[in-house]
Amino acid sequence: MAKKVIVENLIKKYGDNTVLRGINTSIDDGEVVCVIGPSGSGKSTFLRCLNRLEEPTSGTILVDDFDLTDKKTDINLVRQNIGMVFQHFNLFPHLSVLDNITLAPIDLNKESKEEAEKTALELLEMVGLSDKKDVYPASLSGGQQQRVAIARALAMKPDIMLFDEPTSALDPEMVGDVLEVMKKLAHQGMTMVIVTHEMGFAKEVAHRVIFTDGGNFIEEGSPKDIFENPQNERTKSFLQKVL
Ligand code: ADP
Ligand code: MG
């Protein structure tokens with residue numbers, strides 16, 4: 001199977017603080033990977049290195065055969081293929097839902113307004129918000145804003161989607177709709193890396209679960225392996241606390 005992402009000996013330090021301690025992993029085309037682990041274990045840093053929102057201290061990251069750690073690589077070009085969704089959705093408050101979604105395709109992908117709007121309307125349908133195209137973000141619930149943020153990321157037609165705790169800032173009753181959209185994407189074959197505390201979602205949707213602690217990938221495997229038969233003591237004690 002084609003490898004979408006290959007990470008070799010990735011080290012990230014902030015000053016004296018080593019946050020990623022030599023990560024090795026790869027992600028297949030169409031694979032859904034959930035990353036779980038305690039706060040401060042380096043999950044966000046790992047995700048942010050994958051589109052170079054953070055610069056690795058050392059190591060290699062290949063995305064679609066582009067070397068992100070090579071200074072000659074056009075990082076903006078690579079980034080257009082990698083969608084990212086954050087805990088806080090960061091929609092543009094002064095733009096309508098539709099304009100939030102079409103801005104980057106028109107500006108960066110040089111799509112025509114008609115073309116961008118057609119795609120945006122399809123995406124709004126996909127996330128269940130067709131009736132909200134003309135409103136401003138402030139009039140939407142957190143869950144609706146997050147679904148718009150997902151649509152906005154998808155409008156660039158990425159082939160990898162990174163999610164950093166996309167439901168952690170939401171009221172509980174909003175979580176399900178967002179997870180439903182992510183599940184749909186997974187079933188469409190999108191390559192996804194998802195940092196999440198939603199263990200039920202990880203069990204159901206992930207092909208692979210990675211447990212991080214202290215800047216290392218401690219253990220990885222199928223959801224069944226990790227949730228039903230964890231091998232490492234740290235994985236066991238983390239799961240006892242969250243399950
Ligand atoms: P997680 O997402 O698992 O909670 P993070 O990747 O956010 O963990 O953080 C891992 C460690 O890196 C923490 O100790 C955090 O304080 C530190 N860290 C994260 N971002 C920065 C930064 N921009 N500058 C300095 N330290 C940081
Ligand atoms: Mg984090």
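A residue is called buried when its relative accessible area is under 20%, exposed when that area is over 50%, and partly exposed in between, with a 1.4 Å probe and only the protein chains considered. The structure is a predicted model, in which local features need pLDDT of at least 70 and side-chain atom pairs count only at pLDDT 80 or more, while totals for chains, interfaces and linings use all residues. Residues are numbered from 1 along each chain as its sequence is written, ligands are numbered from 1 in the order in which they are written, and side-chain values use heavy atoms, with hydrogens and water left out.

Ser-96, in the loop between strand 6 (82-85) and helix 3 (97-107), is buried, with a relative accessible area of 9%. A polar atom of the Ser-96 side chain lies 3.1 Å from the backbone nitrogen of Asp-99. Leaving aside residues up to four places away in sequence, Ser-96 touches Lys-133, Asp-134, Val-135 and Tyr-136, where contact means heavy atoms within 4.5 Å.

Ligand 1 is surrounded by a shell of residues that includes Tyr-14, Asn-17, Lys-43 and Thr-45, a residue being counted when one of its heavy atoms lies within 4 Å. Helix 1 (43-50) and strand 2 (17-28) each supply at least two residues of this shell, and the largest share, three residues, comes from helix 1. Oxygen atoms of ligand 1 lie 2.8 Å from a side-chain N or O atom of Lys-43 and 2.5 Å from one of Thr-45. Taken alone, ligand 1 exposes 560 Å², of which the protein buries 59%, the areas coming from the Shrake-Rupley method with a 1.4 Å probe.

Terms used
A polar contact is a pair of N or O atoms within 3.5 Å; within protein, one must be able to donate a hydrogen and the other to accept it, and residues adjacent in sequence count only if both atoms are side-chain atoms. Helices (H or I, at least four residues) and strands (E, at least two) are DSSP runs, numbered from the N terminus.
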